[in-house]
Amino acid sequence: MRIVTTKETWPGEKRVALVPQIVQKLTDLGFDVTVQNGCGEEAGFTDAAYQTAGATLTEYADEALRYADIVLAVRPPSPEVISWFPEGSTYLGFLDPFRFEDTVASFADCSVDAISLDMVPRSTRAQKLDGLSSQASLAGYAAIVVAAFHLPRIFPLMMTPAGTLSPARVFIIGAGVAGLQAIATAHRLGARIEAFDTRPVVKEEVQSLGARFLEIDLGELGQTEQGYAQELTAEQQELQRQGMAAAIARSDIVITTAQVFGRPAPRIVSLDMVEAMQPTSVVIDMAVETGGNVDGSKLDEIVDINGVKLIGMGNLPSQVAGHASEMYSSNLFEYINEFKTNEPGSVDLRVNDEILDASVVVRDGKVVNERLKEMF
């Protein structure tokens, strides 16, 4: 079977779905791998490295895609690019099907099977396939680095002959994969950290990473089958805002990570909360691509609110594109490896399996995913 990866066309996307190390693993399994010239350039992977790993290079994306059996990508392709896929071929990558219905429809219209890596179930067996978690971890790291760059203060406590410098205060909202990595990174830099999550069960993990857990009584809570926090009621959201207001006001940096899969991000930080922060403080809205957690945040813009920098940087994993590509490429390899057959260079993506049932979106020209059927 021929596996193809082309240049990402999504604005600002620097990651690549296949890195040379994974190309080598795929060719060792018997797959024929084709990549477009320059596909890994922005992530630091040269064409020569791909050739050495056993890939065939091609100049034009449409030429490569017309002969593909499996297409590996980071971002959803455009309808025009989907039209280049052969009937019966398979797309594997992030699809975000709840937000990109037209893309899903294009796969169905072109009779191209589509597997959404962001729909992989959160189970022990599927951990190594979980692209969302691998990328969220790097996003949490990148968020702290970006915040540190924009904050005109240092993070750690420092005692000098000229006096003592107090540590920066960091408040992280959401203790999922991204939030926990943000806590760990801020702790390594010496900040004083507070964190909040709607799931009290994460308190011990937050504390183990060096942060104080902010407790707010929101009543009965739960989480989805995918392991995400359930969406709060309007009353719970108001209680959360009231409980967080004082923590936000005393913080030098606020990082928001709250997202609900398949829905717009909850708006949990109001403009008056941002205005209560000291000038030169920094707010990073990590959910800006799905609507944002903070009033006034704008995608890929820095908004000044009374001297507070509100940063809505999308696609934070692309800030560390090299490592992000390595981790994501490994997730894709593990997905393929999970369903390889005894015949070299082939996979069976039609077996009865919980991972396939959860992540296959389109098959044989129809939307087959149970969670999406009612949308089409």
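**Entry 1: around a glycine.** I began with Gly174 and listed its contacts (heavy atoms within 4.5 Å). Leaving aside residues up to four places away in sequence, Gly174 touches Gly179, Phe196, Asp197 and Thr257. I found Gly174 in the loop that runs between strand S9 (169-173) and helix H7 (177-188). Helices (H or I, at least four residues) and strands (E, at least two) are DSSP runs here, numbered from the N terminus. Is Gly174 buried or exposed? Its relative accessibility is 10%, so I put it down as buried. The cut-offs I used are under 20% relative accessible area for buried, over 50% for exposed and partly exposed in between, with a 1.4 Å probe and protein chains only. I also checked Arg199, 25 residues from Gly174 along the chain: their C-alpha atoms are 8.9 Å apart.

**Entry 2: what I am working with.** This is a predicted model, so I kept to its limits: local features need pLDDT of at least 70, side-chain atom pairs count only at pLDDT 80 or more, and totals for chains, interfaces and linings use all residues. Residues are numbered from 1 along each chain as its sequence is written, and side-chain values use heavy atoms, with hydrogens and water left out.

**Entry 3: aromatic rings.** I searched the whole structure and got six aromatic pairs. Rings of Phe, Tyr and Trp (its six-membered ring) pair if their centres lie within 6.5 Å; planes under 30 degrees apart are stacked, over 60 edge-to-face, and the rest tilted. One of the pairs is Tyr91 with Phe107, tilted, at 5.2 Å centre to centre and 40° between the planes. This pair links distant parts of the chain, with Tyr91 in strand S5 (residues 90-93) and Phe107 in helix H5 (residues 101-109), 16 residues apart. I noted both Tyr91 and Phe107 as buried. Tyr335 and Phe339 have ring centres 5.4 Å apart and planes at 50°, so I filed that pair as tilted too. Tyr335 is buried at a relative accessible area of 1%, and Phe339 is buried at 5%. Phe85, Tyr91 and Phe107 form one aromatic cluster.

**Entry 4: the whole protein.** I counted twelve helices and 17 strands. Buried residues make up 53% of the 376 residues. Along the principal axes, the C-alpha atoms fill a box of roughly 65 × 50 × 35 Å. Of the contacts with a separation of 6 or more, 63% are between residues 24 or more positions apart.
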